[in-house]
Amino acid sequence: MSISCFHCSEDCENLAIKSGGKNFCCEGCQLVYEILNESGLEGYYDNLERSKSKVKKISSHRFDAFDNEKVKEDFLTFNENNIGRVTFFLPAIHCSSCIWLLENLDKLKSGFINSRVDFSAKRCTITFDQQKISLKEVAITLAKIGYTPEITRIDKKKGAKSDKSLLYKIAISGFCFGNIMLISLPEYFDTLGNIDLSFSRFFVLFKVLLSLPVLVYCSIDYFTSAWKALSIKSINIDVPIAIGIVVLFIRSVYEISFLSEDGYFDSLTGLVFFLLIGKWYQSKIYGNLSFDRDYKSYFPLTITRVEREVESNTLVKDLTKGDTLRVRNQELIPVDSVLKSGSANIDYSFVTGESMPVLKKKGDIIYAGGRQVGDSILLEVTNEVENSDLVSLWEQEAFQSKGDFFLKNIADRISKYFSIIIVLIALFTGFYWAFFDKNLVFYTVTSVLIIACPCALALSVPFTFGNSMRCLGRKGFFLKKADLMERLSTIDTIVFDKTGTITDLNENHISYIGDDLTIGEKEALVSLTKSSTHPLSKSIYKFLRKEIKISNEEKKVNSFKEEVGKGLSGSVEGYAIKLGSLQLIGEVAVERSIRSVAYLKIDEYYKGRFEFEFALRKGLKSTINSLISQDHELHVLSGDNDAEKERLQEAFSDKAALNFYQKPIDKLNYIKTLQKQGKKVMMFGDGLNDAGGLKQSDLGVSIVNDEYGYFPACSGALRDSSFSLIPSFISYAKKSVGVVKVSFAISFLYNLIGLFFAVQGLLTPVFCAILMPISSVTVVVFTVGATNLFSRRAFNKINYGG
């Protein structure tokens, strides 16, 4: 009696290793099991829905190439401070269980930092500590758990080669089906039995031969998938299809062998042909309706490009190799670059999770995803930004909001048990007709197994929310994940930051009150504020640039520091400058202002203050009134004083809770308090002071414009020009949820009607094979069409601006 490995199902060949009452074929499988068990990941075996890969003893020599530094450098997309990142193509990825295991590699073995799976491309991006685990060991670990990586460099620009095997199978099955139909024509029209018996038997045998390549080659994907599912005591959608094909073939062979009948070879080959046609058609439809998030289509990221000593704000999609960029404090670097001058402190926490800045000098490579900490720096672009790299930063797990998605979960649960229910219905149908009409047993069982399909149900959520997310993107609202559409529809409380969120940074009045500043002091102050991304710092920078003519020569800022909620400090050509709150510059005898203010201290002497008065966004009042009419609870959090209280009360119609003097930690705690009250909170902010609150909220949205980029601690980004459409966005999200529910109903209705006719023997297997893919395409076309229609109605007719 053979013994199977508990982890991989491979035959242990009488060399089983026993551990914990279980058998393992090798120490690798035993190690994986023990680590999974100790890490609390034993659910991998309980919820496993993929086939247990045939994991064999892995030869480490297969990955010896990774010991070569040049080869390793070619594979690594990030290699800094002993932290490496690599993207492998893993052909074995094919279900949610694969994703679950691969995204928990950090619990599987020491050295893994994080891992993200691109399911559709079958790629896994892994970040790891090279002091604890080498690239070679990463590849070996993947192979041991059943995901042997392809040892080929992934060329993201060329993309994956198209798989033509499906087209070959369609051609072969079509050829066989057509010829069997042609051979069968005389039999269809011969009602008097005039065909010679010898010819009839020859045609029958010829049909058997034509059906064999359809059975053995064209249907192999269905048999393979079904066998993998059954081998782990699970059932997927391919199980009933495979059973239907086998039943038709066996029944046909039985009839020609013992009953002198012609069998159902025309139905068998036609069934496989139309199933494959449907599979191909689905892939084409889904490709044409693709809603993948291509940053070049709508990502609002901007960066400062320097061209002939003139600075301009440029969309990341427009960057080319050789461009010179200015990156300020806390700004994200979206493209691989080289430092052109001076030194830099790069924080790679967005990539590695480690916040320790890495010191860089002129000529050093700086990878995409780094964030400058300190004075502004100049970079030269070395590689055009890749879509997958940028989106991976946007989707880093560290910046994802946690929470369940009800619609997606219910679809997954139903799809999980769907195939089991269909097999049971088919069995009951067979038993019923066995007593009433034995000739219909195989016919009805096959029809039931073929016509029922959970694909339409499984596709409802991703296609509805995916296309809805694309529609929002076209209007300036960008969500990180399509599932966040459902969360947007549940929002009942909205929190606004003040400066840069409900105020218009382009419509402001700034004045300086205090001692006159020398040209040298103004130039030093310009250099200091140029390095900051804070809205007030940028306003001061613009104000001073208008007053004086600044030379284009770079002035080095030493000891630059930007403290969240306090201000800036640094030394420029001998001037020690502090700019910000009284908490930063120290309590001095100064006149307190009722406006937003930044106090200035140079060389330990208080010099004066900058006062700001920002105009409220155009159309703010009508936008707020629309939100109030939708029964949303509104709150305003401001780090400034309450000088604007009366103006805000009027804009919010006294329907909002106004909170001033809010530090970043206060904003975070305020969001937590609302959530403890059961509120579903969406927060709008515009910078670092809001990062904690944005991340804590159920849906954190960063306001961006041509000058201010997003911060990855949020769930999405909103162009400031689309601010007035916030009520429409929320309303549209609710309509999208309604589309999902209707698509669920369509899917259920299709299956109920199909089964109603199939169990009665009123549908042929071939006709069922035609209907099955049509149901999925119908749902996809409906969801995309409905969301597009609602988008046009929501955003073309309604305008809250003005």
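1. A disulfide is counted here as a pair of cysteine sulfur atoms within 2.5 Å. By that rule, this predicted model has zero disulfides. Cysteine 218 belongs to none; the nearest cysteine sulfur is that of cysteine 176, 6.5 Å away. That distance is to be read against the 2.5 Å cut-off.

2. On the burial of cysteines, two can be noted. Cysteine 218 has a relative accessible area of 1% and is buried. Cysteine 471 also counts as buried, because its relative accessibility is 3% and the limit for buried is under 20%.

3. The protein chain has an average pLDDT of 76, and 72% of the residues score at least 70. Over residues 798–802 the pLDDT falls below 50; in the model this stretch has 15 contacts beyond near neighbours in sequence. Residues 47–57 also stay under 50, and the model gives them 42 contacts beyond four places in sequence. Where pLDDT is low, the predicted coordinates should not be read in detail.

4. The largest nonpolar core consists of 44 residues. Those with the most contacts inside this core are Leu472, Ile494, Phe496, Phe652, Met682, Phe684 and Leu718. Helix 26, which spans residues 726–758, gives the most to the core, with eight residues. As background, nonpolar side chains in soluble globular proteins tend to be buried together.

5. Leucine 472 is among the core residues with the most contacts inside it. Leaving aside residues up to four places away in sequence, leucine 472 touches Phe477, Leu479, Met485, Leu488, Phe729, Tyr732 and Phe795.

6. Helix 6 covers residues 135–144 and is largely enclosed by the rest of the structure, because eight of its 10 residues are buried. The buried residues are Leu135, Lys136, Val138, Ala139, Ile140, Thr141, Leu142 and Ala143. After helix 6 comes glycine 146, with a positive phi near 100°.

7. Is glutamate 521 buried or exposed? Glutamate 521 counts as buried, because its relative accessibility is 9% and buried means under 20%. This glutamate lies in helix 19, residues 519–530. Not counting residues up to four places away in sequence, glutamate 521 touches Asp516, Tyr575, Ile602 and Lys607.

How values were computed:
Residues numbered from 1 in each chain as written. Predicted model: local features only at pLDDT ≥ 70, side-chain atom pairs only at ≥ 80, totals over all residues. Heavy atoms only, no water. Core = buried A, V, L, I, M, F, W, Y, C linked by side-chain atoms within 4.5 Å. Buried < 20%, exposed > 50% of the residue type's maximum accessible area, 1.4 Å probe, protein only. Helix = DSSP H or I, 4+ residues; strand = E, 2+ residues; numbered from the N terminus. Contact = heavy atoms within 4.5 Å. pLDDT = per-residue confidence, 0-100.
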